[in-house]
Structures are given as C-alpha cells and as structure tokens.
Amino acid sequence: MILAQTAHQPSFPVINHNIGTGQYMLAPIKAPARDFITLYRPFTWGFFLGDDLGLSWMWWGLTLGLFYSFFLVFMLVSRNLFWLSFWAGFILIFSPYFQFWALHKTEIAVHWAGAFVAAAYLLAARKRWIIWCAGIFLGWSIGGMALDNIYPPIAVTVGWLLPFAGAAWCWERRKVLPWNECRLDRAGALGLALAIVGISLGAFFRESQEFIHLIQNTTYPGRRFSAGGGFPLWAFFSHDFLAETCNHPGSWLGNICEDASFIFVSPAVWCLLLVLLIQYRRWFDSWSLILAIYVAGAMIYTYVGFPDWLAHLTFFGMSTVNRTQMGLGLADLLMLVAALSNSRLRESLNFNTRWIGLLLWIALLVACGFWFKSQWPHLNLFWLVVGVGLQAILACLWWSKNSRNWGMALLALVSFSYTVNFNPLVRGGAEYLFKNPLSAKILALDRADQNVHPWVVMGDNGISNLPRMIGVKSLGGYHGYPDLELWKSFDPAGKDYSTYNQCGYIIFEASDSMEAQFTSPSPGLVMVNIDPASPVFDKIGVRFFIAVGQPTIQVFAKSDVFNEVFRRADKAIFERKHQAE
C-alpha cells in the first residue's frame with residue numbers, strides 16, 4: 001500500500017485511484033499521504049525521498065526506534081543501569097515476536113515507549129521548558145499509538161499496559177518525585193498533551209467518518225467482537241524451548257507469524273519472589289506486583305475470556321486472543337529489568353532462596369515443555385532440554401552478585417541466533433520491483449494504454465498487489481475496506497454482500513462461470529471465482545490479465561477471447577482481443 005502511494009500520479013494521494021475504484025489511504029492501513037496524519041507516521045517519511053530510501057528508513061527506523069525507545073524506558077526502570085538497559089533493548093529487537101512478524105505493528109510499541117518516557121519526564125523534570133516539551137511529546141506519542149499503524153486489537157492491549165507501568169514507576173519514585181514543584185506547569189503540559197490527542201483524533205474522525213462508518217459495518221473486522229478465551233495455553237512457553245527450530249513439519253498455530261511470541265522469563269522472577277514472600281513475609285518488588293494485575297487481566301482475557309460487559313467496558317472486545325502477545329511480552333521484559341535492578345531484592349537473596357526459586361522455575365518449564373510436546377509432537381526433545389538448560393543458566397547468572405549483565409548478554413545472543421535468519425538484508429529491493437521482466441512488460445503495456453484500463457491478476461495473492469505498487473490500476477490485492485462500488489458490477493443483486501463486505505485480500509480465480517462466485521475461506525480473504533471472458537470485465541474496462549500458474553494460464557490459452565502478449569515461467573499476460581483492436 002505504501003509503494004502504491006509513491007507510484008501513483010500524483011504521488012501520495014488521499015484517494016488512490018490505482019486500487020479498485022479508488023481507496024481511501026488514511027485508514028485503516030499505514031501509508032504516507034499528503035495529509036496531517038502523516039505527522040504521526042514518522043516511519044513513512046523516507047518515502048517522500050524515494051522508494052529504496054523509504055524502505056530503508058522504515059525498516060531501520062523501526063529497528064533502531066524500538067531499540068532506543070525501550071533503552072530509554074529500561075534506563076528509567078533500572079535507575080540508569082546502562083548495560084542492563086542496553087541488553088534488554090537488544091533482546092526486545094530480536095525477540096521472536098518482532099522478528100517473526102517482520103516488525104509488523106512495531107510502531108505501536110515505539111510510540112508506547114515514547115509516551116512512557118515523556119510522561120516520566122513530565123512528572124520528574126524540574127525545568128519548565130523540559131516539562132512543556134515532555135507534554136508535547138506525550139501528546140504526539142499517544143496520537144501516534146492511535147494513528148500511525150491503526151490496529152485496535154494490539155493498540156488496546158498494549159495501551160492498557162501504559163497506566164500500569166506508569167503507576168509502578170511512580171510508586172517506585174514516590175519519595176523523590178518533585179510533587180510540589182511546578183504544579184501548574186505539569187498540569188498545563190498534561191492538558192496540552194490531552195489537547196493534542198483530542199484535536200488530532202477529532203480531525204481524523206471528522207475527515208475519515210465516511211470510511212470509518214463503512215469499516216465499522218463490515219463483517220470483518222468492523223462487527224467483530226471478541227470476549228476472549230480459547231487460546232491454547234500450552235503454547236505459552238513455546239519459544240523458551242526454541243520450538244521454531246523444529247518448525248519444518250508445520251507450525252503449531254498455523255504459520256510462523258501466528259507462532260510468534262516471546263521467550264518469557266518473568267515467571268523466574270515470580271518464583272523467586274514467592275520464595276522470598278514465604279521467607280520474609282513481605283513482597284520485594286512493586287513492579288512485578290503492579291504489572292501482575294495487567295498480566296493477569298490480559299491472560300484471563302486470552303485463555304479464559306471476559307464477560308461481554310467487561311470486554312465492552314475495557315475495549316478488549318476490539319482485540320482478539322491472538323493479538324495480546326505484544327503487551328504480555330513488553331510487561332515480561334519490564335518485570336525482568338525491574339527485578340534485576342532492585343537492590344532490596346538482590347540483597348535479600350541467599351543460597352537457599354536462589355536454589356529453591358530456580359527449582360520451582362525449572363519444574364514449571366519441564367511440565368509446560370512436556371505439555372507442549374504432547375500437543376505438538378514435532379518439538380524435538382533435544383531442544384526442550386536445551387531450552388530448559390538455558391533458562392537455568394540465565395537464572396543462575398541473573399541472581400548471582402555480579403553476573404546479571406552477562407545473563408542479559410547471553411539471552412540477547414540466543415535471541416539473535418534464534419531469529420536473525422528470518423529477515424534477510426536486501427539492497428535495491430524497490431528497484432527490482434520495477435525492473436524485473438514481468439513488471440517491465442506491465443509498465444510498457446500500461447504506458448501504451450495511457451494508464452486507462454485496470455488490470456486483473458488471476459491465480460495468485462502476492463502478485464495481486466504488484467500492479468498498484470508500480471503505478472498500474474488493478475482490481476485485486478489488499479483492500480483496506482470493501483469496495484462496494486466495484487462489487488456492484490459483479491453482484492448487482494447484492495446476494496453475496498455478506499461475503500465480500502470485509503477488509504482483506506481480494507483474489508480472482510479463473511473458473512467456467514460467467515457470473516462471479518464469492519467465497520471467504522477465512523476472515524480477511526475473499527475469493528472471486530469467475531471466467532476471465534465474462535462480460536463483467538468488459539463492462540468495467542479490464543483490458544489486461546496477469547495469469548499465474550499453469551492451470552490458470554491454460555484457461556486463458558484455450559479461450560478465443562485473449563491474445564497472449566507475454567510469458568515467463570508460470571506467469572503470463574493476456575489481452576482481450578476486441579480491446580486490442
């Protein structure tokens with residue numbers, strides 16, 4: 001969708017006319033446009049300077065932005081322990097969740113970190129100009145959480161972490177925060193932050209209300225409501241056992257993105273704290289106690305479910321059980337950093353406490369490991385043992401007097417080794433999209449056609465997005481909301497309205513039916529089965545078809561309606577004969 005914006009003429013439109021009958025580009029997808037909302041989408045700014053620079057800017061902006069923003073968060077949590085914060089930030093970047101999702105929706109986490117840091121400075125700074133700057137940055141960060149990569153299922157669950165993390169930080173700093181200084185400035189800066197958020201959201205909703213209403217009335221995701229529950233708890237510690245190394249026979253949750261989660265370590269902290277609670281009759285870490293409320297709520301929603309009224313009240317009904325992992329992973333690492341930097345906790349440890357806590361943690365992992373293996377037999381026993389052994393070594397290093405940084409460095413090294421091969425480095429990727437033989441032929445034909453007629457890709461999902469990415473009009477590919485004007489041509493009576501009334505990928509498949517037959521194998525996926533010789537395409541003005549796969553190519557080759565103008569491997573371009581004439 002982003003490259004479709006750069007290739008459009010003129011570039012960066014609010015309505016992109018290369019997608020169906022025209023797609024609104026401010027919601028719900030992330031794309032740069034000549035609109036104020038782009039101020040909240042900093043990771044797309046590079047595209048105003050070129051495609052390759054834009055891709056590099058976005059990837060490295062997300063990577064370094066995630067690292068540095070959470071490095072600052074961890075510095076605040078750990079009271080300026082540099083190496084502990086550094087390794088924690090590194091662990092987060094190379095966590096299975098962010099890497100296996102290819103940094104998808106990372107913008108939400110980066111803006112969350114910005115909001116946390118800004119709120120901390122607003123409360124702790126003693127200079128008026130810093131307080132007011134913190135207020136401005138707080139407003140921009142919260143606005144960015146909502147408007148950068150618009151995705152409520154993650155934004156809601158991660159957003160709820162902010163007040164709990166803020167409360168934990170304030171409680172830890174309650175004796176040193178300058179509560180009685182610059183009260184009016186702090187109140188004014190907070191008011192300014194809220195005003196920035198309110199004005200920005202108000203302007204966005206006013207500008208986008210027609211399309212928001214359209215999305216809200218879709219079968220997916222607009223009318224989707226989830227009270228939670230039913231997500232497999234046995235998969236919680238999957239990456240503690242480095243399970244993706246055994247993933248060749250198939251994923252345990254459907255694909256590697258859905259498998260993506262974190263190497264969870266905070267239960268090791270909890271095992272230790274429970275031993276200390278029994279030993280000293282007191283709780284030694286407020287961060288773990290306060291964030292436990294958030295974690296308990298998120299896990300109850302994910303694995304058990306909320307009553308409908310509670311899901312509505314907390315907005316968790318806008319989320320789904322497979323989208324709470326980002327919030328849980330961030331809370332997990334926050335609790336670890338807080339515990340490792342807690343001097344009272346560390347001074348209370350003795351030999352017996354460490355070993356009892358370690359044995360509890362290992363026993364929990366072993367039990368969960370065999371539970372996981374019983375549900376997903378492809379888990380190799382070797383990797384289960386390696387994962388448990390690694391956690392034992394980490395716990396020993398973390399709770400020793402002088403080796404906590406080495407423990408964090410080891411976890412960073414393991415995370416890096418486990419995930420680094422998933423996202424290869426590419427140079428000149430955008431250039432290849434335009435200069436490969438298929439794209440070159442598409443562009444030559446489209447220039448000769450003066451960019452008048454829309455194209456259709458049949459037989460493939462990925463290639464369906466290619467024409468728009470290189471500036472050519474097309475009907476299929478991803479649609480951020482249902483193109484009802486387009487579907488009126490295929491379904492005048494609206495009998496399949498409930499099927500195509502959703503956001504998602506549109507895939508055209510060649511069949512022998514002159515009338516479109518709509519199916520939706522899964523939410524967010526609409527299949528349109530139709531004969532490419534159907535007069536519907538002629539009515540819409542489609543001139544060129546891209547056929548992918550030999551079965552689809554044969555459908556075109558057997559028809560006397562088309563001329564083949566290009567073929568390479570399993571991809572071919574066909575032109576309607578009467579339009580060619």
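Nonpolar surface patches are taken here as residues with over 30% relative accessible area and no salt bridge, whose nonpolar side chains are joined within 5 Å. In this predicted model, Trp45, Phe48, Leu49, Leu53 and Trp57 form such a patch. Together they present about 500 Å² of accessible area. Trp45 sits in the loop between strand 2 (23–24) and helix 2 (51–78). Its relative accessible area is 36%, so Trp45 is partly exposed.

Helix 6 spans residues 128–147. The helix has 20 residues and reaches 29 Å from its first C-alpha to its last. This is close to the 28 Å expected at 1.5 Å a residue. Its buried residues are Ile131, Ala134, Gly135, Leu138, Gly139, Ser141, Gly143, Gly144, Met145 and Leu147. Among the elements that cover them are helix 5 (106–124), helix 7 (152–172) and helix 8 (183–216).

Strand 7, residues 525–530, is mostly covered. Five of its six residues are buried. Strand 7 pairs with strand 5 (residues 504–510) and with strand 6 (residues 517–522). Strands 5 and 7 run parallel and are joined by six bridges. Within this pairing, Glu509 stands opposite Asn529 of strand 7. Strands 6 and 7 pair in the antiparallel sense, over four bridges. Here Thr519 has Met527 of strand 7 as its bridge partner. Strands 6 and 7 also form a hairpin, with two residues between them. Gly524 lies in the turn and has a positive phi of about 90°.

Charged pairs were examined next. Side chains of opposite charge can pair when their charged atoms come close. With a cut-off of 4 Å between a side-chain nitrogen of Lys or Arg and a carboxyl oxygen of Asp or Glu, the count comes to 12 salt bridges. One of them joins Arg126 to Glu181, with the closest N and O atoms 3.4 Å apart. Arg126 lies in the loop between helix 5 and helix 6, and Glu181 in the loop between helix 7 and helix 8, so the pair ties together parts that are 55 residues apart in sequence. Glu181 counts as partly exposed, because its relative accessibility is 33%.

Other salt bridges lie within a helix. Glu431 and Lys435 meet at 3.1 Å, N to O. Both belong to helix 18 (residues 429–435) and are four residues apart, about one turn of the helix. An α-helix has 3.6 residues a turn, so residues three or four places apart point the same way. Glu431 is partly exposed, with a relative accessible area of 41%. Lys435 is exposed, at 61%. In helix 21, Glu485 and Lys488 are three residues apart, again about one turn. Their side chains meet in a salt bridge of 3.9 Å, N to O. Both residues are exposed. Asp449, Arg543 and Glu575 are linked in a network of salt bridges.

Pro492 and Pro454 are 38 residues apart in sequence. In space, their C-alpha atoms are 20 Å apart.

Terms used: Residues numbered from 1 in each chain as written. Predicted model: local features only at pLDDT ≥ 70, side-chain atom pairs only at ≥ 80, totals over all residues. Heavy atoms only, no water. Buried < 20%, exposed > 50% of the residue type's maximum accessible area, 1.4 Å probe, protein only. Pairing = 2+ DSSP bridges. Expected span 1.5 Å × (residues − 1). Contact = heavy atoms within 4.5 Å. Patch = residues over 30% accessible without salt bridge, like charges linked within 9 Å, V, L, I, M, F, W, Y side chains within 5 Å. Areas by Shrake-Rupley, 256 points an atom, 1.4 Å probe, with all protein chains shown as cover.
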